Amino acid sequence: MKNTVKSINIIGLGYVGLPLALLADKRGFKVVGIDVNDDRIAKINAKKSPFADDRLTNELLTSNILATKNFESIKEAEVIVICVPTPVYENYRPNLEPIIDACKSISPFLKSGQLVILESTVNPGVCEEVAIPILEKNSGLKAGKDFYLAHCPERINPGDPKWTVANIPRVVGSLEESGLRSALEFYRSIIDAEIKPMGSLKEAEAVKIIENCFRDINIAFVNELAMSFSRLGIDVTHVIEGAATKPFAFMPHFPGCGVGGHCISVDPYYLIDYAKQNGFNHRFLSLAREINNGMPRFTVDILIEHLNRKGIAPLGTRVAVLGLAYKANVNDDRESPAYSIIKDLKSRGLEVSSYDPYLINDSAASLKEALQGAQAVVIATAHDEFKSITPKFFKDNGIEIIIDGRNCLNKEEYLSSGLVYQGIGK
Ligand code: SAJ
């Protein structure tokens with residue numbers, strides 16, 4: 001389909017849609033990006049990245065993509081790619097509103113022969129039971145006959161210098177042969193990696209979901225080991241590193257104060273929920289979610305234990321939580337365990353300050369300000385800035401206890417400094 005596709009529209013210019021738009025633009029397509037966020041639209045049209053990402057910033061400078069709020073341009077597109085978020089509600093039920101809204105906005109402009117691709121991560125069944133009915137109803141067209149629908153789950157890894165939208169292999173599924181062929185041709189014309197055809201939409205939807213369930217259960221496994229081995233006086237991170245010397249059939253994951261982000265901590269609930277609607281209870285996936293969601297509490301329990309051992313009454317004691325982002329060196333705090341830690345600390349009567357250099361608007365202005373009056377620190381995110389803090393710096397700022405929720409400090413150095421240091425399973 002190389003260059004035979006003159007124009008593509010991408011719905012959702014977030015960390016998935018924007019890299020895809022820039023790649024398609026680089027490959028010679030006419031790209032229109034549609035988003036609901038005025039600020040993001042303005043920044044992209046001004047060739048400024050809405051995200052702290054050097055690669056995106058550079059690519060935008062030489063790109064020709066147009067960002068708009070208006071869906072009219074759908075009429076001119078040969079391919080329409082939906083890259084909107086798929087979060088969960090407070091009760092962990094899947095929130096398909098962004099997908100539903102996108103399909104409702106597309107359908108009045110849908111034309112025969114167009115290919116609609118969903119990249120958002122969804123559970124099996126969403127394409128056929130949610131997206132297609134809406135696209136058909138408001139357009140009067142038939143999927144698989146008048147227009148095509150395919151699913152190609154996104155695999156963007158924000159901030160990854162090696163794996164990018166241009167070289168990550170993908171899977172594609174569709175309702176029928178023509179849609180599959182068109183989608184394969186499209187992705188093979190822009191991505192230098194394997195594009196694997198799947199046997200159905202549901203198979204393609206299931207691939208991404210199980211990728212992230214795989215990661216969630218493996219993290220839950222090492223988190224459970226951390227809680228067990230901390231009672232046995234075994235450093236679980238050393239044990240995992242030992243196991244990782246096995247050159248096959250072992251993939252290391254590491255314990256921490258919780259699992260955040262809009263992928264790993266969310267995607268399993270989509271499968272759990274859909275399976276339940278179809279009469280199956282994913283006990284294992286649910287238990288993994290329960291273990292990972294329990295790590296913030298486990299982290300606070302460790303702190304309380306050390307305060308008690310030092311004769312420091314938890315009530316009214318000030319604790320500085322370092323890191324609000326869900327993972328190191330990003331400014332994304334969606335589903336971040338740091339907020340569960342802060343909520344739990346406050347519920348137990350402690351006073352809390354927080355500092356995150358990537359989310360300065362939501363935290364103290366500086367590390368020193370966050371440490372003022374605090375006797376303990378909980379590291380909730382392994383930002384590079386925190387790894388270089390010395391025991392002396394903490395001591396000079398009145399800190400006596402360090403709970404390293406990301407096992408990112410040098411345990412031996414801290415233990416020999418006289419500070420109380422405790423990692424997660426470390
Ligand atoms: N985490 C642990 N222990 C680990 C790994 C992660 O506690 O061993 C925690 C992190 O601190 C974070 C959460 O889990 O709070 C998620 O971390 P992540 O490294 O999985 O980062 P994400 O959420 O950005 O996941 C993305 C996913 N990519 C896509 O969905 C396309 C995931 O599939 C990737 O495996 C992951 O990046 C990656 O490998 O970096």
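## Surface and overall dimensions

The model is a predicted one, in which local features need pLDDT of at least 70, side-chain atom pairs count only at pLDDT 80 or more, and totals for chains, interfaces and linings use all residues. Residues are numbered from 1 along each chain as its sequence is written, and side-chain values use heavy atoms, with hydrogens and water left out.

The C-alpha trace spans about 75 × 50 × 40 Å along its principal axes. The radius of gyration, taken over C-alpha atoms, is compared with a globule rule of 2.2 Å times the number of residues to the power 0.38. For 426 residues a compact globule would have a value near 22 Å, and the 24 Å of the chain agrees with this.

## Composition of the fold

The chain holds 16 helices and 13 strands.

Residues are classed by relative accessible area: buried under 20%, exposed over 50%, and partly exposed in between (1.4 Å probe, protein chains only). Of the 426 residues, 56% are buried. A contact requires heavy atoms within 4.5 Å. Among contacts with a separation of 6 or more, 72% join residues 24 or more positions apart.

For the charges, Lys and Arg count as positive and Asp and Glu as negative, while His and the chain ends are not counted. Each charge is placed at NZ of Lys, CZ of Arg, CG of Asp or CD of Glu. The mean positions of the 48 positive and 52 negative charges lie 1 Å apart.

Helix 12 covers residues 337-347, and its buried residues are P337, A338, I341, I342, D344 and L345. These residues lie on the same side of helix 12 because they cover an arc of only 165° around the axis, the arc being that of the directions from the helix axis to the C-beta atoms. The face turned away from this buried side carries the exposed residues K343, K346 and S347.

The packing partners of the buried residues of helix 12 are helix 11 (295-309), strand 9 (318-322), strand 10 (351-355) and strand 11 (376-379). Just after helix 12, G349 adopts a positive phi of about 85°.

Within helix 11 is I304, which counts as buried at 13% relative accessibility. Beyond its neighbours within four places in sequence, I304 contacts P314, R348 and L350. The C-alpha atoms of I304 and R348 are 9.3 Å apart, although the two residues are separated by 44 residues in sequence.

## Buried leucines

L20 belongs to helix 1 (residues 17-26) and is buried, with 0% relative accessibility. With residues up to four places away in sequence not counted, L20 touches I10, V81, C83, E119, V165 and I190. I10 lies ten residues from L20 along the chain, with a C-alpha separation of 8.1 Å.

L96 is located in the loop between strand 4 (79-82) and helix 4 (97-106); its relative accessible area of 16% classes L96 as buried. T86 is ten residues from L96 along the chain, and their C-alpha atoms are 6.0 Å apart.

E241 is part of helix 8 and is partly exposed at 44% relative accessibility. E241 and E205 are 36 residues apart along the chain, with their C-alpha atoms separated by 33 Å.

A249 occupies the loop between helix 8 (236-243) and helix 9 (267-277). Although not a glycine, A249 has a positive phi of about 60°, and its relative accessible area of 73% makes the residue exposed. N329, in the loop between strand 9 and helix 12, likewise has a positive phi in a residue other than glycine, near 55°. N329 is partly exposed, with a relative accessible area of 28%.

How values were computed:
Helix = DSSP H or I, 4+ residues; strand = E, 2+ residues; numbered from the N terminus.
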